[in-house]
Amino acid sequence: MDLRYLRRRFTNVFNLGMAVATTVLGLFWLLWILYTTARFGYHNLNLALFTQDTPAPGAPGGLRNAFVGSLIMIGVAIAVGTPAGVLAGTYLAEFAGRRRIGEIVRFFNDILLSAPSIVVGLFVYSVVVSVTGNFSGLSGGLALAIVLLPVVVRTTDEMLRLVPSTMREAAMALGSPYWRVVVQITYRAARSGILTGVLLGVARISGETAPLLFTALNNQFWSTNLSKPMANVPVTIFQFALSPYQGWQHLAWAGALVATFAVLGLSIFSRFLIRQRNS
Amino acid sequence: MEKPPSPPRLTRLWDPLFKGTTAALAYMVLILLVAVCLALLHQGALAFRTFGWHFLVSKAWDPANNHFGALIPIYGTLVSSLIAIVIAVPVSLGIALFITELAPRWLRQPVSAAIELLAAIPSIIFGMWGLFTFAPWFSGYEPWISDHLGSIPGVGALFRGPPFGIGMLTAGIILAIMIIPFIASIMREVFLLTPPLLKESAYGVGATTWEVLRNVVLPYTRTAVAGGIFLGLGRALGETMAVTFVIGNAHSISASLLNPGYSIAAALANEFTEAFSPLYKSSLIALGFILFIITFIILVLAKLLLLRLERAQGEST
């Protein structure tokens, strides 16, 4: 009897100890990765990173064209993905409710949310790049928009459903048509939540490499032409990190540092917004 | 009684227009998924027609002679993801247990936020860290793995191999780190859904914390936990950049997990822009189609399992 009790106590303490150990392990990985990025990136951070374009091997340079290209394509993705996502989310929350069609769209939206982003890149290649005949910044932006879309649909749907229905009913009792109720009452009530969703989505697409490989490709030179291949940070990092040239590898680390902290900063900021809202 | 005045014509038009637009965009989500499937099938058709079912089981990958098969990338994708799941599930369980049952209240929020930050790190950063920091460090331990685990009868062959640092096992470990936040956060959420009454009854008859998790919480949340694991698996299967850096990109199947391998996503990332012949390109897109179908099935399963607990939860409240 006593032995059994001891064994149960031991199993309990051992497994709880393992739980603490795995949590420490998870946090350790986070710190290790951030430390590596900071250590290798820090030495290569300088002003030239933002004022000069990607160099030929062996020459000095920066990542200006890549940063600008990434920003342009993220802008395209926001311009396309946000309105489409907010409106689709509106349908789910305001019109479909618990109806079957709403549940089906929600179900498959979540599938799209987790679908491999490289497949999205292949899709945009098949329907845009192979039709127009060349890689382009626009197709890169569209690929990012498809990655962003399900994130926005989901948060809009969730945030709108949190708006108390009494607010809608009050507005409708005053004789307001439904579209005005949605635009002027529920959107306003859910504004900060929807914004958070968009920010989280932007944080996700900012680091995405796979959808850009076969759409925007990359560009060694300065270009803001959306119909031509466009430089971008993730693909440049990919190519430079795996290159044999030391100068390129240093640039890759510097770019990695900037990209990581931008993405983490954005996602911490949006989480902070959520908590502000909830408290 | 007098009839109320009907609203002006323009206003009556706006409502259906608004509803129609939002509905069209919601349906677009469904259309998008179907379109992805059809576009990849269409572009991969040349490869499927040329090689038939043989494409799925052939080990060939010979761009010079235009002969392609999908077996090696499919094998690498599945094996690296399975390694990831084997490592990620116990670790995620530990993290979820720590956050829900052990951590003092003030520590819960920071710890779960930090674990979720791991999911926000771009995958290319995992790749660089894996190749330049983790792999050199890990290669120092691979001879030990080879010597000690390699001599176990039966499974020993899995661990006998060269200490390159990069390979199937490294890819699996890095994938595991990437999917832990997803699995852990679902486990944490569903653990909190267990009715306190059930847990307290178990504590009342003298169960330990571990026994409550094992015999009360896990049975209650079983399907949703399985759903979370499948969701993690779906993520691991399609992960591209991190795997491309560390899997070794060798077109071979070997028994040893220490050897380099290949995955579908890595093949696409490495070769697609250099594919010179139409059949080469089509074979790569066909690989993408196979990846899409595999992840689609896994993710549908994950969602269905997760919905079951949600439904049960909805009925009881």
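Helices here are DSSP runs of H or I with at least four residues, strands are E runs of at least two, and both are numbered from the N terminus. The model is predicted, so local features need pLDDT of at least 70 and side-chain atom pairs count only at pLDDT 80 or more, while totals for chains, interfaces and linings use all residues. Residues are numbered from 1 along each chain as written, chains are lettered from A and ligands numbered from 1 in written order, and side-chain values use heavy atoms, without hydrogens or water.

**Stay on B:Lys199**

Is B:Lys199 buried or exposed? B:Lys199 is buried, at a relative accessible area of 16%. Buried means under 20%, exposed over 50%, and partly exposed in between, with a 1.4 Å probe and protein chains only. Now show what B:Lys199 touches: B:Glu101, B:Thr194, B:Val212, B:Val216 and B:Val217, leaving out residues up to four places away in sequence. Contact means heavy atoms within 4.5 Å.

**Select chain A**

Colour chain A by secondary structure. There are 11 helices and 0 strands. Chain A has a radius of gyration of 24 Å, whereas a compact globule of 279 residues would be near 19 Å. That radius is taken over C-alpha atoms, and the globule rule is 2.2 Å times the number of residues to the power 0.38. Along the principal axes, the C-alpha atoms of chain A fill a box of roughly 70 × 70 × 35 Å. Of the 279 residues, 53% count as buried. Take the contacts in chain A between residues at least 6 apart in sequence: 73% join residues at least 24 apart.

**Show both chains**

The contact takes 78 residues from chain A and 81 residues from chain B. The area buried between them is about 7,200 Å², with carbon and sulfur atoms giving 82%. Buried area is the accessible area (1.4 Å probe) that two parts lose on being put together, summed over both. In chain A, select A:Trp29, A:Ile33 and A:Trp179; these lose the most area to chain B, together 9% of what that side buries.

**Look for charges**

How many salt bridges cross the interface of chain A and chain B? The rule finds 3, counting a side-chain nitrogen of Lys or Arg within 4 Å of a carboxyl oxygen of Asp or Glu. One to display is B:Glu116 with A:Arg271, where the closest N and O atoms are 3.1 Å apart. End on helix 1 (residues 2–42) of chain A, which gives the most to the side touching chain B, with 19 residues.
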